[in-house]
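Please have the sequence and the model at hand while reading.

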Amino acid sequence: MVIKELKMETPDIEKIKTRVRKIYQNYGIDIQSLQDEDLSDVYSFYINNPKRLEDDYAKSEKLYKSNPSVDII
């Protein structure tokens, strides 16, 4: 029996963290006091759903560009 080696892309964790933090900023949410541990569930979700990360990031960028003066919550 021949076992094929599966090539799975390993997620770029730092890219995911950067994107998640940018999404929060685009929605005007202050993340200065949040630690990575506080966002671990969010990171895990996007690691498993990379397409959703790109979609959510694009939506947040569109919102920010349409109203760049969003107050930070």
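This is a predicted model: local features need pLDDT of at least 70, side-chain atom pairs count only at pLDDT 80 or more; totals for chains, interfaces and linings use all residues.

Because arginine 21 belongs to helix α1 while aspartate 36 sits in the loop between α1 and α2 (40-48), the pair ties together parts that are 15 residues apart in sequence. Aspartate 36 is likewise partly exposed, at 30% relative accessibility.

## Lysine 17 and glutamate 14

A salt bridge also joins the side chains of lysine 17 and glutamate 14, at 3.8 Å from N to O. Both residues lie in helix α1 (residues 13-26), and because they are three residues apart there, about one helical turn separates them. Lysine 17 is buried, with a relative accessible area of 17%, whereas glutamate 14 is exposed at 51%.

## Arginine 19 and glutamate 54

The side chains of arginine 19 and glutamate 54 form a salt bridge with an N to O distance of 2.6 Å. Arginine 19 is in helix α1 and glutamate 54 in helix α3 (residues 50-66), so this contact ties together parts that are 35 residues apart in sequence. Glutamate 54 is partly exposed, its relative accessible area being 31%.

## Overall count

With nitrogen and carboxyl oxygen required to lie within 4 Å, the count comes to six salt bridges.

Notes. Residues are numbered from 1 along each chain as its sequence is written. Side-chain values use heavy atoms; hydrogens and water are left out. Helices (H or I, at least four residues) and strands (E, at least two) are DSSP runs, numbered from the N terminus. Buried means under 20% relative accessible area, exposed over 50%, partly exposed in between (1.4 Å probe, protein chains only).
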